[in-house]
Amino acid sequence: MITFISGRWWRWTFQKALTVFLLQIFFLTTVAQSCQSSVSCNVVLTDSQGSFTSPCYPNDYPPSQACKWTIQAPAGFIVQITFLDFELEEAHGCIYDRVVISTGTSDAKFCSLTPNELTLNSSGNVMEVSFNSDFSVQKKGFHISYKQGLFITWQALHSMFIYLLFYYKIFVYN
Ligand SMILES: [Ca+2]
């Protein structure tokens with residue numbers, strides 16, 4: 001009698017554990033799939049450096065996405081971005097899925113594996129990264145790092161040198 005009850009109890013416990021286990025699997029699968037709908041990808045980034053990825057990266061990005069990252073540096077600074085990893089659906093003219101980088105004076109469009117390890121500088125203090133995917137064929141997307149900086153050009157260095165030369169001639173030499 002005790003063995004019978006004990007056997008039934010174990011079977012009942014096992015069934016309960018199995019149900020909980022299956023529910024957990026179902027829940028985890030649902031959460032993994034919900035990446036498609038719950039991701040906010042219109043972001044303004046103001047940190048001095050960081051990185052961002054396409055939705056669900058390194059898993060495939062969802063279809064029909066329209067995302068925009070605006071990297072905003074203080075006045076006088078510029079923004080530099082580097083493509084750490086990149087894979088979008090390949091198409092002539094990037095007509096299906098694409099990343100468009102607005103540096104301030106020009107726009108550059110990318111898809112397939114083109115810009116891996118490429119670095120781009122903004123002309124002003126804002127850089128915009130737009131991402132669009134169409135309804136079919138998804139890839140893993142991208143991982144982009146960014147940093148703000150005072151990137152001194154040769155022209156600026158030359159001007160500074162001339163200024164110092166004049167300063168030295170007028171105030172030190174005379
Ligand atoms: Ca696509």
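## Contacts and burial

Of the contacts in the chain with a separation of 6 or more, 75% are between residues 24 or more positions apart; two residues are in contact if their C-beta atoms, placed from the backbone, lie within 7 Å. The model is predicted: local features need pLDDT of at least 70, side-chain atom pairs count only at pLDDT 80 or more, and totals for chains, interfaces and linings use all residues. Residue numbers start from 1 along each chain as its sequence is written.

The chain has 174 residues, and 17% of them count as buried. A residue is buried if 20 or more other C-beta atoms lie within 10 Å of its own, exposed if 12 or fewer, and partly exposed in between, with C-beta atoms placed from the backbone.

## Secondary structure

There are 3 helices and 9 strands in the chain. Both are DSSP runs numbered from the N terminus, helices being H or I with at least four residues and strands E with at least two. Read from the N terminus, the order of elements is α-α-β-β-β-β-β-β-β-β-β-α.

## The open sheet

An open sheet of 5 strands has the order β1-β3-β8-β5-β6, with mixed pairing; two strands pair if DSSP finds at least two bridges between them. Its edge strands, β1 (42–45) and β6 (107–110), each pair on one side only. Direction ignored, neighbouring strands of this sheet are turned by 15° against each other on average, with axes being lines fitted to C-alpha atoms, for helices over the stretch in contact, and angles running from 0 to 180 degrees between N-to-C directions.

Within the sheet order, β5 and β8 are antiparallel and share 5 bridges. R98 has N132 in β8 as its bridge partner.

## Pairings of β4

β4 runs antiparallel to β9, and 9 bridges join the two. F86 is opposite F142 in β9. β4 is also joined to β7 (residues 119–121) by 3 bridges, again antiparallel; here Q80 has N121 in β7 as its bridge partner.

## Nonpolar core

The largest nonpolar core contains 19 residues, and V79, V99, V129 and I144 have the most contacts inside it. Such a core is a set of buried Ala, Val, Leu, Ile, Met, Phe, Trp, Tyr and Cys residues joined through C-beta atoms within 7 Å. At least two core residues come from each of β3 (66–72), β4 (78–87), β5 (98–102), β8 (126–132) and β9 (141–149). β4 supplies the largest share, 4 residues.

Apart from its neighbours within four places in sequence, I144 is in contact with S51, F52, I81, T82, F83, L84 and V129.
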